[in-house]
Amino acid sequence: SWDVQFNNIKLQMLDDLVLVLYTPTKLHFISHDLCLGLSTSGARTGCRGHIVRFQGPVRTALWEDVLGSILQKLESNNNGCKIFAELRNDDADVLEAIDTWRMSSGCERNELAYAGVPMSSMGAVARALIIEQLVYMTDRYLKPASVFSPRTRHSAKYDWLRDDQLVECKSAKLLWCRRRQYWYCVFQQVKFSNFDELLLALYSPIGVHLLQFGSNFGISNSGDKSDAIGRNLRVSAPV
């Protein structure tokens, strides 16, 4: 089913919550009542915040119908939410904001580098899942004598089991940083206590590069949040 989810909402740090729902045709600006659709993130809620999630009717294929259902929930008299503005995606203000972001973020250089590259138009989550499968198949090919077991719903702390080794795969995209004028990549939320071996997959304009992590190189600390959300591995090219 279609749904929409807003992540990392830290209620203790705000008085009002404004959500922006991006759809294929419009941006919907919502004043949220800090209640509707709110849920926790388990033990990670303290550092990562809450989630707001709205789900449309099950087995409804058309996004237009699902959007109508979700907007009806938001406009219901049973809650304090309010849709206070809408903008078409081709509105002049929206296009100007996109151009400003592209100029300031180095997006144009990234777009040029990845033009026509497979998976470049995918979202980060979808691309990561495909790359994980590629790494899994490569690992099996390179170690034909080993016994492999893919991750199950109850083994989400790692990605697969190879013999007696818990293997985790993390992927990252090579990106241009306009402000500092260098290329870099970040492998996010690595929880070293959950696995025995870490495989890194770097997605670049020329392919997917598979690396076996074996040191403390590039590890950053997230302070008190590190145990809950993991650490980041950041690597950059010389300036």
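1. What share of the contacts in the chain with a separation of 6 or more comes from residues 24 or more positions apart? Such residues account for 57% of these contacts, where a contact means heavy atoms within 4.5 Å.

2. This is a predicted model, in which local features need pLDDT of at least 70 and side-chain atom pairs count only at pLDDT 80 or more, while totals for chains, interfaces and linings use all residues. Residues are numbered from 1 along each chain as its sequence is written, and side-chain values use heavy atoms, with hydrogens and water left out.

3. The chain has six helices and 15 strands, which are DSSP runs numbered from the N terminus (helices are H or I with at least four residues, strands are E with at least two). Its C-alpha atoms fill a box of roughly 60 × 40 × 40 Å along the principal axes.

4. Of the 239 residues in the chain, 33% are buried, a word that here stands for under 20% relative accessible area, with exposed meaning over 50% and partly exposed in between (1.4 Å probe, protein chains only).

5. On the surface, Met122, Ile130, Leu134, Met137 and Val208 form a nonpolar patch with about 390 Å² of accessible area together. Accessible areas come from the Shrake-Rupley method with a 1.4 Å probe, and for residues only the protein chains shown count as cover.

6. Helix H5 (residues 124–142) gives the largest share of the nonpolar patch, three residues. Leu134 is found in helix H5, and Leu134 counts as partly exposed because its relative accessibility is 37%.

How values were computed:
Patch = residues over 30% accessible without salt bridge, like charges linked within 9 Å, V, L, I, M, F, W, Y side chains within 5 Å. Salt bridge = Lys/Arg side-chain N within 4 Å of Asp/Glu carboxyl O.
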